[in-house]
Amino acid sequence: MGLRVAVVGSGPAGSSAAEVLAKAGIETYLFERKLDNAKPCGGAIPLCMVEEFDLPQKIIDRQVKKMKMISPSNREVNIGSTLKNGEYIGMCRREVLDGFLRNRAAQLGANLINGTVYQLDIPDSDKDPYTLHYADHSTGAVKGVMKTLKVDLVIGADGANSRIAKAIDAGDYNYAIAFQERIRLPEDKMAYYEDLAEMYVGDDVSTDFYAWVFPKFDHVAVGTGTMKVNQADIKKLQAGIRKRAAKRLEGGKIIKVEAHPIPEHPRPRPIRGRVVLVGDALGTVTKSSGEGIYFAAKSGRMCAEMIVERSQDGQKVPTEKDLKDFMKLWNKEYGATYLVLDILQRVFYRSDATREAFVEMCDDIDVQKMTFDSYLYKTVVPANPLTQMKVTAKTLGSLLRGNALAP
């Protein structure tokens, strides 16, 4: 009998993993608790993801070609002049993007199960199967019908509150809260956000991250990210972004309010036996930018590709070492990116003075080009030495003017 894999969670990470496995002819079970789930998320994706994951234009609500960075003192810096024709940041609704990726995996052969996985039984030996206990919701029963499934390997893609992570004692991590309101605006106000997104920084909108107004199909997503998990604090910060963007949101109607935990760093033990975590369950959201969609999808795909390779297209069962090789490859590929963004967050999000310095730095064309190239294509295009020196000097100058280098 060939390899049997359960993928728990069908967000970008789980669906991307299931797609690769199904394409290879591996028996794949893809679990999703809510098929209409809409995760609270800014919904921005880099241009390279559109091509790399073969995403159709119909799932991209807006092609953002202009951004405003808005400082604590409301200084506005316009970004986007370095973009070439055809370059943009894609804005998606998660229910649309996730639904497309999930359905594509199912069409390619993954067995889609509308169910909630409650328990994972760990076998006594490395030869025995894992047993998943889940509630099947496809029957329409309120609580679902309890069932079990035996598999050789489990991919936990079930988000920040991952039950699979708990089952393998993967360890905890710090997490932020993403809170946002979807607001439908009058036509004239919506026209302003046709191809424009806004990012606000300041203690009034987020003490350790940023707030956003991102355009979607027929509304804008207005939200904040913060490590403060106290409900009163989150409401205060959301009121802050609503106040800062008030003139642009006049006449708007809230159509949805949503919140979700976002991991701040990877879990300490993401692999145990033949169980591996990907996406938010693993902790692949970047610091500073808070980007999660691309890296979630990429982690799922890279993990599945390693499984396909080491299982010889499903003919043998991969080992814990094989799964750990996926993590080694992941860290080799993206470790430096996470480190740099972590440092940027520590330096620039410390105080309103450092945030003013950050926005000032964003006004520089060389900085904008390097930033967009690294975001859109996930490759830091090496600048020539002279440009690199100029950017470094401008960064230090901004920091000094904002007293950002003070201890």
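## A loop residue to start with

In which loop does Asp 54 lie? Asp 54 sits in the loop between α2 (47-52) and β4 (62-64); helices (H or I, at least four residues) and strands (E, at least two) are DSSP runs, numbered from the N terminus. Its phi is positive, at about 50°, although Asp 54 is not a glycine. Asp 54 is exposed, because its relative accessible area is 58%; buried means under 20%, exposed over 50%, and partly exposed in between (1.4 Å probe, protein chains only).

Before going on, please keep in mind that this is a predicted model, in which local features need pLDDT of at least 70 and side-chain atom pairs count only at pLDDT 80 or more, while totals for chains, interfaces and linings use all residues. Residues are numbered from 1 along each chain as its sequence is written, and side-chain values use heavy atoms, with hydrogens and water left out.

## The chain as a whole

The chain's secondary structure comes to 12 helices and 18 strands. Its C-alpha trace spans about 65 × 50 × 40 Å along the principal axes. For 407 residues, a compact globule would have a radius of gyration near 22 Å, and the chain agrees with its 22 Å. That radius is taken over C-alpha atoms, and the globule rule is 2.2 Å times the number of residues to the power 0.38.

Of the 407 residues, 56% count as buried. Among contacts with a separation of 6 or more, 72% come from residues 24 or more positions apart, where contact means heavy atoms within 4.5 Å.

## Surface and charge

## Aromatic pairs

Rings of Phe, Tyr and Trp (its six-membered ring) pair if their centres lie within 6.5 Å; planes under 30 degrees apart count as stacked, over 60 as edge-to-face and the rest as tilted. By this rule the chain has 14 aromatic pairs. One of them is the edge-to-face pair of Tyr 192 and Tyr 193, with 4.9 Å centre to centre and 90° between the planes. Tyr 192 counts as partly exposed because its relative accessibility is 32%, whereas Tyr 193, at 0%, counts as buried.

Tyr 294 and Phe 295 make another edge-to-face pair, at 5.5 Å centre to centre and 80° between the planes. Both Tyr 294 and Phe 295 are buried. They belong to one aromatic cluster together with Phe 53, Trp 330, Tyr 334 and Tyr 338.

## Around helix α9

Asp 313 lies in the loop between α8 (293-310) and α9 (320-348). Asp 313 has a positive phi of about 60° without being a glycine. With a relative accessible area of 45%, Asp 313 is partly exposed.

Within helix α9 we find Leu 344, which at 30% relative accessibility counts as partly exposed. Leaving aside neighbours within four places in sequence, Leu 344 is in contact with Ser 288 and Tyr 349.

## Asp 98 and Ser 10

Asp 98 belongs to helix α3 (residues 94-107) and is buried, with a relative accessible area of 4%. Not counting residues up to four places away in sequence, Asp 98 touches Ser 10, Gly 11, Pro 12 and Ser 15.

Ser 10 is found in the loop between β1 (4-8) and α1 (12-23). Ser 10 is buried, at 0% relative accessible area. Beyond its neighbours within four places in sequence, its contacts are Ser 15, Leu 30, Phe 31, Glu 32, Asp 98 and Arg 102.

## An exposed loop residue

Asp 172 lies in the loop between α4 (163-167) and β12 (175-184). Asp 172 is exposed, with a relative accessible area of 69%. Setting aside residues up to four places away in sequence, Asp 172 touches His 265, Arg 267 and Pro 268. Asp 172 and Glu 250 are 78 residues apart along the chain, and their C-alpha atoms are separated by 41 Å.
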